[in-house]
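Subject: Structure handover

Hello,

Here is the structure you were expecting. Please open it first; my notes follow below.

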Amino acid sequence: MNDNEYFRATLITIGRKTSRNHSVMLRAVKYNGKIYFSRHRPDSDWFKNSLANPEVTVKYDGMTLSGIAKPVKDLELNQKISHLKYPGEDRANEQRVAIEITPCKS
């Protein structure tokens, strides 16, 4: 997997109410050695869960990695992620919220 491209991944968060694993398949972006997930509004369970407990797992291409999630607050970075996630699509210009996953060192 090259940097600066999107792919399908399973994001596993810990439920903020149940404390159980919560898995969801999403389009992700790899950029500068980190993985990003985004959406229109901060109302999804996976987004809220990652804020409540930033220890997450990402599965893709037969790999599993653990990481730490944090919200993306840099507007320029958020826009860059949208353009990488939706290349050439109008929705790349929509305002989104995103989380950044920094892989844990093994």
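**Helix H2 and its surroundings**

The buried residues of helix H2 are Leu77, Asn78, Ile81, Ser82, Leu84 and Lys85. Buried means under 20% relative accessible area, exposed over 50% and partly exposed in between, using a 1.4 Å probe and protein chains only. Seen down the axis of H2, these residues fall within an arc of 165 degrees, so they line one face of the helix. The arc is taken from the directions from the helix axis to the C-beta atoms. An α-helix has 3.6 residues a turn, so residues three or four places apart point the same way.

The face turned away from the buried side of H2 carries exposed Leu75 and Glu76. Cover for the buried residues of H2 includes strands S1 (5-14), S2 (21-31), S3 (34-39) and S6; contact means heavy atoms within 4.5 Å. Helices (H or I, at least four residues) and strands (E, at least two) are DSSP runs, numbered from the N terminus.

Two notes on method. This is a predicted model, with residues numbered from 1 along each chain as its sequence is written, and local features need pLDDT of at least 70, while side-chain atom pairs count only at pLDDT 80 or more. Totals for chains, interfaces and linings use all residues, and side-chain values use heavy atoms, leaving out hydrogens and water.

**Ends and loop**

At the start of H2, a side-chain oxygen of Asp74 reaches to within 2.8 Å of the backbone nitrogen of Glu76. Glu89 lies in the loop between H2 (75-85) and S6 (97-103). Glu89 is partly exposed, at 30% relative accessible area.

**Strands**

S4 (residues 55-60) and S5 (residues 63-71) pair antiparallel over 6 bridges. Pairing requires at least two DSSP bridges between two strands. Val56 has Gly67 in S5 as its bridge partner. The hairpin of S4 and S5 has 2 residues between the strands, and Asp61 there takes a positive phi near 50 degrees. S5 and S6 also run antiparallel, joined by 5 bridges. Gly67 stands opposite Pro103 in S6.

**Aromatic rings**

There are 3 aromatic pairs. Rings of Phe, Tyr and Trp (its six-membered ring) pair if their centres lie within 6.5 Å; planes under 30 degrees apart are stacked, over 60 edge-to-face and the rest tilted. Trp46 and Phe47 pair edge-to-face, 5.8 Å centre to centre with 75 degrees between the planes. Trp46 is buried at 5% relative accessibility. Phe47 is buried too, with a relative accessible area of 5%. Phe37, Trp46 and Phe47 form one aromatic cluster.

Best regards

Technical notes:
Polar contact = N/O pair within 3.5 Å; in protein donor to acceptor, adjacent residues only side chain to side chain.
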